[in-house]
Amino acid sequence: MRAFGLLVLTGLVLCGCSREAAAPRGSGRDAGEVRMPRITVTGDDSVNAALNWQPPAVTLTREGIPEARRRAAEALQAGRLYAGADDAIPLYLAIRRLDPEDAAARRGLDQALDRLLERGEKVVKTAEDRDADAREAAEIAAVARAIDPDDEAVLAYLSRVDEIEQLTRLNLASERALNQGRLGEQGGGALAGFREVLKWKPGQARALQGVAAVESALIRRAEDVAQAGDFDTARIWLDHAGKVRSNAPTVADARQRVEAIRTVRIAGLRESGVQDLQSPLGLKAAREKLAEVLRIAPPGDPVAADFRQRIELATHYGLFRPGQAFTDALGNGGRGPEMVIVPHGAFRMGADENELGAADAEKPAHYVRFDRGFAMARNAVTVGEFRRFVQATQYRPRATRRGHSIVYDERSGNFVRRSGVDWQSDYSGAAARDDMPVLHVSVYDAEAYADWLARQTGHSYRLPSEAEFEYALRSGVQGRYPWGNGVPPAKVENLTGGNDTSPSGRHWNNAFVGYGDGYWGPSPVGSFPPNAWGLHDMGGNTSEWVADCWHASYRRAPADGAAWFNPGCRSRVVRGGSWASAPVQARAAWRSSSDSDMTNARVGFRVVRGI
C-alpha cells in the first residue's frame, strides 16, 4: 500500500521540469549525475499541449461516495483511467478530497496508479520516435505526479519521461531547423541538435534518421546546383555531406550522380556546339558553349578536349580537316580536281639576305600568317581536266587564238616558237596525253578555268596567291630548296638533273650534278612522291601561274597571304621550278615576272579553293 503525500487537485505543470525538480530532497539521486542538455523551443508542438493535466471536475457529495466508488471501480476495470470526469482517477481523487481516510478509494487509486504506470511503460518505449506516444507519456507523467509525486515508481517514470521530453524537444527543434533549411553544415543547426541527442543516447533511431536527413538535404543541394551547372558549389555541398557520416555510401553514390549530371551536360553542350559548327555563323555560339564546357569540365576531360579541337578546326578549316582530300561535284556531271586541305599557320616568305643565287625581287624575307587553311589542288591541272572546260564552254585559249606557242626543240636544244601549238600540245608540240599537266596556257586561261570551276561547284575556286604557293611548296621546310638545303634527294621532283638524257642524247649544261629523275620534259602529274602536305610537283615538273601582279620586291607585301594584285597589271608572277629550270630557279623563293599573255612549254597552273 502506497503512502500518499499532500494531494494537489489543481494538477501539476511538467513543462520545462527537470528530473531534479521532480525528485524530493534526499530521494537518493546521485549528486554527480550527468544532466541532460536544456534547450528552449518556441511555438506549439505535440508535447507541450500534453504536459498540463488537471483532474476533470467531479460533482460529489458525501452521500454520493458509495456510488462514486462503484463507478470508479467499473472505470478501473474497463481501463478508463483519467480522461473524463467518470473515469477512475478523477472519481477516486474526488472521494479522497471529501474523505481522506476512505480506504477503498486509497486502494483504488493505488491500483489506478499501477495501471497508469503500466500504460506509461508501454508508450515510453516508442515515445522517442513517435510524437503521439511522447505526448501520451508526458500526460501520464503529469497524472502520476498529481497522484503521488514521492512514489519511487513515479519518480523513476518521471525521470524517464523527463529524459524523453528533452530528447524529443531536441529532436523537434532539430527537425524544425532541418525543415527551415538550417542544416548546420558549418556548425549549429539541425546537425548539431541531432548529434547532441546521439551524444546522450547513442543509436537513438529518430536522431539517426535526422542525421541521415541532413545528409540527404546536403546531397539534394549538391544535385540541385549541379543541375544548374554550378559544379564547384556542388562539390562543396558533397564535401559537407561527406562529413556527416563516415564513409556513407549515399555520398559516394551522390558523387557519381553529380558526375553523371556533369557528363551529360558536357556532352549536351558539345553536341549542340557541333551542330552550331555546321553553319559559319554558328562559330560564336559554339565558342560560348565551349567556354561553359571548360568551366565545368574536370582537367583533361576528353569530351571537352574533343570539342575544343573541333572548334579550333572549324575556326581554321570550316567543315574540313588539315590534310583532308576531297572533290567537288560539277554542275554538268562528274567531279572537279582533287583538292587537299593545307593547314593554317605562318612561315618566312622570300630569300634570306645571304642566300646564294637570290635576287632582290625575292627580298626582304617577311613573315606571312594564314589564320585559316585553304584547299589546293593535289596536282597541276591536266590536259584532260582543261579539255572538259573547253568543251563545256567553247572557250578559246590564248595560244589557240594566236596560233602558236613556245616549245622545246630537240634538234637545237632551245625553246622556240612553233605554230599550231596550244593547250592540247606537249612540251615539244606533239599531242599531249590527258594525264599530263596542261601547258601553253596564259594566266587569263588559267583564271577562266578557275572561274568555270567556281560556277560549276558553287565554291570559290581561283589561282593561288604567291604566298599560298610558296607556303604550300615549302610545306613546313625552311631552306634554300623545297626539300631543305643541299643536293636534291633521289627522285624528289622532276628537275634538271645531270643524269637526265633527252631523246637524242642531250644533257643539261646547268643541272643538279648526279641527279636523274628519268624524264626529259614534263612527267604525268603525280609521278613523284608528294610533299609533307600531300601535294605533288610543287617544286618541279612545271612552273605555275599565281594570282599576283609582279612587284620588284616584297616591301609592303601583304602579311596575311592574300594575292598582291593591282587591277589592270600586265606583268604576273610565275612560281616553282620546272623540268627545264636551272638549279637556281628551283629554289623555294624563286619568282619570275611574265607577261599575262605568255604561253610556253614550262608553265602550267593549279587552283585553290576557300574553305
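Helices (H or I, at least four residues) and strands (E, at least two) are taken as DSSP runs and numbered from the N terminus. On this basis, valine 487 of the predicted model is placed in the loop that lies between α16 (466-474) and β11 (543-549). The relative accessible area of valine 487 is 65%, and because this value is over the 50% cut-off, the residue is classed as exposed. The C-alpha atom of valine 487 is separated by 8.2 Å from that of valine 513, a residue 26 positions away along the chain.

Two helix pairs were examined for packing geometry. The crossing in which α2 passes α4 is left-handed. On the α2 side, the contact is made by Arg69, Leu76 and Gln77, while α4 contributes Ala104, Gly108, Gln111, Ala112 and Arg115. By residue class, this contact of α2 with α4 comprises 3 nonpolar, 3 polar and 2 charged residues.

In the second pair, helix α7 (residues 189-200) and helix α8 (residues 205-227) pack at an angle of about 155°, with a separation of 9 Å between their axes. Because this angle is over 145 degrees, α7 and α8 are roughly antiparallel to each other. Their crossing is left-handed. The residues of α7 that make the contact are Ala190, Leu191, Phe194, Val197 and Leu198, and those of α8 are Ala207, Leu208, Gly210, Val211 and Val214. The contact of α7 with α8 consists of 9 nonpolar residues and 1 polar residue, with no charged residue taking part. The polar class includes Gly, and Gly210 of α8 belongs to this contact.

The strand arrangement was also examined. An open sheet is formed by 5 strands in the order β3-β4-β7-β15-β10, and the pairing is antiparallel. At the edges of this sheet are β3 (325-326) and β10 (461-462), each of which pairs on one side only. Strand β10 is joined by 2 bridges to strand β15 (residues 608-609), and these two strands run antiparallel. Within this pairing, arginine 462 has valine 608 of β15 as its bridge partner.

Conventions
Residues numbered from 1 in each chain as written. Predicted model: local features only at pLDDT ≥ 70, side-chain atom pairs only at ≥ 80, totals over all residues. Heavy atoms only, no water. Axes fitted to C-alpha atoms, helices over the stretch in contact; angles between N-to-C directions. Parallel < 35°, antiparallel > 145°, perpendicular 65-115°, else oblique. Left-handed = near helix turned anticlockwise from the far one by under 90°. Contact = heavy atoms within 4.5 Å. Pairing = 2+ DSSP bridges. Buried < 20%, exposed > 50% of the residue type's maximum accessible area, 1.4 Å probe, protein only.
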